[in-house]
Amino acid sequence: KGIDLTGQTAIVTGASTGIGEAAAIELARAGADIVVNHRDSEDDARDTVGKVEALGRRAVAIQADVSKEEDVIRLFDEAEAALGPADVVFSNAGRQKDAKIGDMTLDDWNAVISVNLTGAFLVGREAIRRFRKKGIRAEISPAMGKLIYNSSVHQVICWAFHANYAASKGGMHMLMQSMAQEVANERIRINSVAPGAIATAINAAERASHEADILRLIPYGRIGEPADVGRVVAWLASDAADYIVGQTIFVDGAMTLYPEFRGNG
Ligand code: NAD
């Protein structure tokens, strides 16, 4: 069947901007109806809804803070009421709050961990509960559900001045694999994408001030576009990737090949 998500519903967290928006569009292009979650950006979320609808798919914007348990449960309730039970969940919402380690406040730490790691747990746990309630719909997909995390190259590349962010993504990696190992026998597929440097709001200031430094880290020679990641998410969600479970697909222009070790030879 290739990349065909016809008849499926996908929830994308943090889908009003950046990689989340691009994934919503690519999932819709593959045939899925889309729940566009946002925390506090109603206008941008409506914009994403419009782009999905322009592709002929249904979409709904739902406000929810993924770091809050009651919000995540309500997100899945409202999503199901609007578009039916989810077959695909892309846990994408994330943030940075950079600080030197000696100056990092507990608030800086908690701000990042609560969204990137606790949010990943809350969204993942709820996805699994709802997949179980829905069951396998063999005519739609051999998998009961597909949960995809948006991790980062920083689940393996340590990152000075961003210890909270790197810790959140390293934790996400073990969360993803442990959950995948636990529920794979139910035909629930859990995987991650791990982007390198992608042009979005999260790193706009760094790209503006340090673009040449960033490019030196990318053998493929360009900063990524949100759709570079969105296309991989759609493929991972599809039955074309049915035998991929508990893996991380790096979408990073070879950043994880540590280009400084190439030397000048
Ligand atoms: P972005 O800032 O455009 O997107 C992040 C989205 O998450 C925003 O829409 C934001 O509103 C939403 N969000 C933040 N906190 C939330 C909360 N509590 N509840 C619901 N939504 C919330 O930046 P992006 O680059 O598209 O980031 C998306 C994901 O990609 C993040 O998890 C980020 O860590 C990851 N990532 C990005 C890059 C990159 O280079 N851009 C690289 C690796 C990983």
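1. Helix 4 (residues 106–134) and helix 5 pack with their axes 9 Å apart and at an angle of about 15°, where axes are lines fitted to C-alpha atoms, for helices over the stretch in contact, and angles run from 0 to 180 degrees between N-to-C directions. Helix 4 is therefore roughly parallel to helix 5, a description that applies to angles under 35 degrees. Their crossing is right-handed, which is the word used if the near helix is turned clockwise from the far one by less than a right angle.

2. This is a predicted model, in which local features need pLDDT of at least 70 and side-chain atom pairs count only at pLDDT 80 or more, while totals for chains, interfaces and linings use all residues. Residues are numbered from 1 along each chain as its sequence is written.

3. Among the residues through which the two helices meet are Trp109, Ile113, Leu117 and Phe121 in helix 4, and Tyr165, Met172, Leu175 and Met179 in helix 5; two residues are in contact if their C-beta atoms, placed from the backbone, lie within 7 Å. Helix 5 (residues 163–183) also lies across strand 5 (145–150), strand 6 (188–195) and strand 7, and it runs at about 160° to strand 6.

4. The chain as a whole has seven helices and seven strands, these being DSSP runs numbered from the N terminus (helices H or I, at least four residues; strands E, at least two). Along the sequence they follow the pattern β-α-β-α-β-α-β-α-β-α-β-α-α-β. The radius of gyration is 18 Å, close to the 18 Å that the globule rule gives for 265 residues, so the chain is as compact as a globular protein of that length; the radius is taken over C-alpha atoms, and the rule is 2.2 Å times the number of residues to the power 0.38.

5. The seven strands of the open sheet stand in the order 3-2-1-4-5-6-7, with parallel pairing, and two strands pair if DSSP finds at least two bridges between them. Strand 3 (59–63) and strand 7 (248–251) are at the edges with a single partner strand each, so one side of each has no neighbour in the sheet. On average, neighbouring strands of this sheet are turned by 20° against each other, direction ignored.

6. Within that sheet, strand 1 (residues 9–12) and strand 4 (residues 88–91) run parallel and are joined by three bridges. Ile11 has Val89 in strand 4 as its bridge partner.

Definitions and conventions
Angles under 35 degrees count as roughly parallel, over 145 as roughly antiparallel, 65 to 115 as roughly perpendicular and the rest as oblique.
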